[in-house]
Amino acid sequence: MNKIEHIGIAVKNLNTSNELFSKLFGELHYKIESVESEGVKTAFFKVGENKIELLEATNADSPIAKFIDKKGEGIHHIAFDVDDIEAEIKRLKAEDFIVLNETPKKGADNKLVAFLHPKSTNGVLIELCQEIKD
């Protein structure tokens with residue numbers, strides 16, 4: 001794992017949260033994107049070398065909707081940049097981590113993504129991210 005790629009924050013209302021975080025960071029988000037397969041709409045902020053992803057559910061069955069129903073708004077996941085997501089999945093499975101996506105899928109911000117179950121990572125949902133190269 002190279003670095004923290006971003007921190008994901010579950011929010012009830014993306015527009016309201018974009019205003020709040022714009023005031024906090026002193027600048028606007030740089031991207032809004034929908035990921036239909038996950039039932040989520042995202043906004044990304046750049047803060048120095050770091051990124052923050054706000055996530056709003058677009059339907060009641062979305063993992064974000066379920067998270068907010070159970071835990072409320074707040075930090076949802078920490079994402080790590082990797083060079084080879086398939087090799088990293090294989091390595092982590094061999095180390096007995098519970099991998100939720102054995103095959104990476106297309107995520108937001110031009111990334112292939114896979115998640116590790118919080119039961120195997122001290123309660124923290126971990127996302128692996130690899131830049132999609134054209």
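Which residues are linked in a network of salt bridges? The members are E5, K31, E33, K51, D109, K111 and E131. A salt bridge here is a side-chain nitrogen of Lys or Arg within 4 Å of a carboxyl oxygen of Asp or Glu.

Before I go further, a word on the source. This is a predicted model, in which local features need pLDDT of at least 70 and side-chain atom pairs count only at pLDDT 80 or more, while totals for chains, interfaces and linings use all residues. Residues are numbered from 1 along each chain as its sequence is written, and side-chain values use heavy atoms, with hydrogens and water left out.

Helices (H or I, at least four residues) and strands (E, at least two) are DSSP runs, numbered from the N terminus, and two strands pair if DSSP finds at least two bridges between them.

Strand 2 pairs with strand 3, residues 40-47, in the antiparallel sense over five bridges. Within this pairing, V35 stands opposite V40, and K31 stands opposite F44. Four residues lie between the two strands of this hairpin, where G39 takes a positive phi near 60°. Strand 3 and strand 4 are also antiparallel, over eight bridges. Their hairpin has two residues between the strands, and G48 in the turn has a positive phi of about 60°.

T42 lies in strand 3 and stands opposite L55 in strand 4. Buried means under 20% relative accessible area, exposed means over 50%, and partly exposed is in between, with a 1.4 Å probe and protein chains only. T42 counts as buried because its relative accessibility is 1%. Contact means heavy atoms within 4.5 Å; setting aside residues up to four places away in sequence, T42 touches L14, K31, I32, E33, E53, L54, L55 and A108.

I return now to the salt bridges, of which the count comes to nine. K31 takes part in a salt bridge with E33, with the closest N and O atoms 3.9 Å apart. K31 also forms one with D109, at 2.7 Å between the closest N and O atoms. The latter pair links distant parts of the chain, since D109 is in the loop between strand 6 and strand 7 and K31 is in strand 2, 78 residues apart. At 27% relative accessible area K31 is partly exposed, whereas E33, at 19%, counts as buried, as does D109 at 9%.

Another salt bridge joins K105 and E38, with the closest N and O atoms 2.5 Å apart. This pair too links distant parts of the chain: K105 is in strand 6, E38 in the loop between strand 2 and strand 3, 67 residues apart. K105 is partly exposed at 25%, and E38 is partly exposed at 24%.

What, then, of a buried charge without a salt bridge? E56, in strand 4 (residues 50-57), is buried yet has no salt bridge, and K41, the nearest side chain of opposite charge, is 5.3 Å away. The side chain of E56 does reach the backbone nitrogen of L14 at 2.9 Å.

H6 is a further buried polar residue, in strand 1 (residues 3-11), with a relative accessible area of 3%. A polar contact is a pair of N or O atoms within 3.5 Å; within protein, one must be able to donate a hydrogen and the other to accept it, and residues adjacent in sequence count only if both atoms are side-chain atoms. The side chain of H6 makes such contacts with the side chains of H77, at 3.0 Å, and E127, at 3.2 Å.

Finally, the nonpolar cores. A nonpolar core is a set of buried Ala, Val, Leu, Ile, Met, Phe, Trp, Tyr and Cys residues joined through side-chain atoms within 4.5 Å. The largest has ten residues: F80, V82, I85, I89, L92, V99, A114, L116, I126 and L128. A second, separate core of nine residues includes V40, L55, F67 and I68.

Key
Lys and Arg count as positive and Asp and Glu as negative; His and the chain ends are not counted.
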